[in-house]
Amino acid sequence: MSAEAPRRAPKKRVALVLAEFDTTGDVLHAAEKVREAGYEKWDVHTPFPIHGMDKAMGLEDSKLGYIVAVMAILGLTSAISMYYFMNGLDYPIIIGGKPGFSPPAAFPVYFELTVLFSAFGTVFGMFHMNKLPRHHHPVFESDRFAAATDDKYFISIEAEDGKFDVEKTRGFLESLHPSNVEVVEEVVS
Amino acid sequence: MGYHEPINAIGEQSLVHPGTSIKVITETVAGVTENPAPKGWWMLFAVALSFLGIFGGTIGYLMWRGVGIWGNNNPVYWGWDITNFVWWVGIGHAGTLISAVLFLFRQKWRTAINRFAEAMTIFAVICALIFPGIHVGRPWLAYYMFPLPNQMGIWPNFKSPLLWDLFAVGTYFTVSLLFWFVGLVPDFATLRDRSKTPVRRMVYGALALGWRGSNRHWQHYERAYLLLAALSTPLVLSVHSVVSFDFATSVEPGWHTTIFPPYFVAGAVFSGFAMVMTLLLVVRQTFGLEHIVTMKHLDLMNKIMLVTGTLVGYAYGMEFFTAWYSGSTYERYVFMNRAFGPYAWAYWAMVSCNVISPQFFWVKSFRQNIPLMFIISIVINIGMWFERFVIIVTSLHRDFIPGSWGYFHATIWDICTYLGTFGVFFTLFLLFIRWVPMIAIAEVKATLQEADPHASHGDKHAHPHAAPAAPVAHGVAE
């Protein structure tokens, strides 16, 4: 059916409004205003973490530590149970007259596995909380956005936000002294 | 969160040369991977590849003939294989020290060298891991090292330090690799966004995992970075401690000492910094990174080498004192034999390289003299290799029974195996500096004056905790 249809322009819809800033100070103050205006589905894109931005955006403290704590306990118990199973239960061998399973003897193994599991929890927990890897995002549709990993700072307000209105949001972002504002569209079909 | 406080807020001066803007950092560091490689890189790469060839040939012959081709003999069961293992693991420690310990201590200057040093850690640990793998002599039985049952259903002994060593070095390698990759994600995104060819866009795009610099991401990212640093700090101290347990838990005069764990860790950091220095001086020159890796960075590294070198010297002295104080005839004999016996040449080479040579760094003009620090960094690495050789071979070569005394002669295959691991190391390293951002772009940017939202906007109420030096630096920025 697509063969008979003439080549038509792909259907697009507005995904977000993107404002570009030249300095960290400008983007920090703009982020404070966006938060005060009551937007919820919005983000700041910067080439490096900016000091004070979490507060300016009103973000809660990261909960990553809880994942890591669970993984640390899991690592410790895995190490102890592995030692207990292998040397105490399945095939105890007496070396130097010591019992097969003697809890303090394998302390280095407990420590290393605790660290190993915690590190996995940290890295994969962080990517999970950030919903990465995600190779497609409407913000990449903007041609100017490549500078977000170089030397420019961006604020994006998404169309899914309850307060979003293309013209009003655009006007609001223009009032925050950006160097550029654009409406970014994504292809739907 | 405050783990990335602006440079002014902690009362420090700028770390890069004036005029080095955020844009310049991107251009310089990403440019290394984008521009054609300088001629120097190709020359070094050719040399590294030929050493890699030596490695391949030697390992092939070793598998064919067995470890009998090495000089290991009846009293000296551990020779160059374990010396090289300990030496390479030790070199890795500087990378973790720079990336984790200095991070926890808020040492911003680490940003210029941490990526580089972390890469060195990973490649050095790869070289180290080769040795336990090949020195068992029967490569098809290398699984004996892992917690797997053998053909009779017997599991490894968890009370053995050799098993602890596997867990320690294995964990260390894995965590270092994760830490390195996490640091690289934002920089891969920078390379992705600058890429001109579809191949680069695909490869760097895949590695960047779709990173879009979102502050909601940075928040978790910074926490993850802090947690990894907090995990790596005790980890790095544990690794060489556990390596030293391989010796310290044995009842062997010269090995059976409690000073070994801290002594090994200090020596590891010492040799690691020396290796970072050697490599950094070459790369900084080849790729023109003098404005990012400044003389201040080199000066600080030399100070760390002075401290750790002196710590190592203290350990050498304390070992002698303890041997005398123990009253044990065997212990006393081993140490007298070490310094004045048939291996006196190795012992005094070690002392001159490790204890005497870093003492030059008390003087500021020596700390800032590039040819001198280059030579000393190489001398230190030679000395640290001798340290491991002295510990291993002098303790073994004269056993409790004089009838079993012997002398260790390295063979051509010992030498080729060692040189071959340099081929592995430098091939990986040269590929790294060519294709991966060798300086942490995002982290260096965050230390610039430009990155400070208050400095760039001229806020007057900024940084109530700033040290007196800060206002001057503000003035420069504006």
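This is a predicted model: local features need pLDDT of at least 70, side-chain atom pairs count only at pLDDT 80 or more; totals for chains, interfaces and linings use all residues.
Local features need pLDDT of at least 70 and side-chain atom pairs count only at pLDDT 80 or more, while totals for chains, interfaces and linings use all residues; side-chain values use heavy atoms, without hydrogens and water. Residues are numbered from 1 along each chain as its sequence is written, and chains are lettered from A in the order in which they are written.

**View 1. The interface of chain B and chain A.** Chain A brings 73 residues to the contact and chain B brings 69, where contact means heavy atoms within 4.5 Å. Together the two chains bury about 6,200 Å², with 66% of it on carbon and sulfur atoms; buried area is the accessible area (1.4 Å probe) that two parts lose on being put together, summed over both. On the side of chain B, Phe158(B), Lys159(B) and Arg212(B) supply 13% of the area buried against chain A, more than any other three residues.

**View 2. A salt bridge between the chains.** Here Lys23(B) meets Asp150(A), with their closest N and O atoms 2.5 Å apart. A salt bridge is a side-chain nitrogen of Lys or Arg within 4 Å of a carboxyl oxygen of Asp or Glu, and the rule finds 2 of them across this interface. Over all chains, the count comes to 17.

**View 3. Arg194(B) and its partners.** Arg194(B) forms a salt bridge with Glu34(B), the closest N and O atoms being 2.8 Å apart. (Helices are DSSP runs of H or I, at least four residues, numbered from the N terminus.) Arg194(B) counts as buried at 18% relative accessibility, whereas Glu34(B) is partly exposed at 28%; buried means under 20% relative accessible area, exposed over 50%, and partly exposed in between (1.4 Å probe, protein chains only).

View 4. Asp299(B) in α9 (residues 295-326) pairs with Arg367(B) in α12 (residues 364-367), 68 residues apart. Their closest N and O atoms are 3.1 Å apart, and both residues are buried. Glu319(B), also in α9, ties to Arg338(B) in α10 (residues 329-340), so parts 19 residues apart in sequence are held as a pair. For Glu319(B) and Arg338(B) the closest N and O atoms are 3.6 Å apart. Glu319(B) is buried at 5% relative accessibility, and Arg338(B) is buried at 1%.

Methods:
Helices (H or I, at least four residues) and strands (E, at least two) are DSSP runs, numbered from the N terminus.
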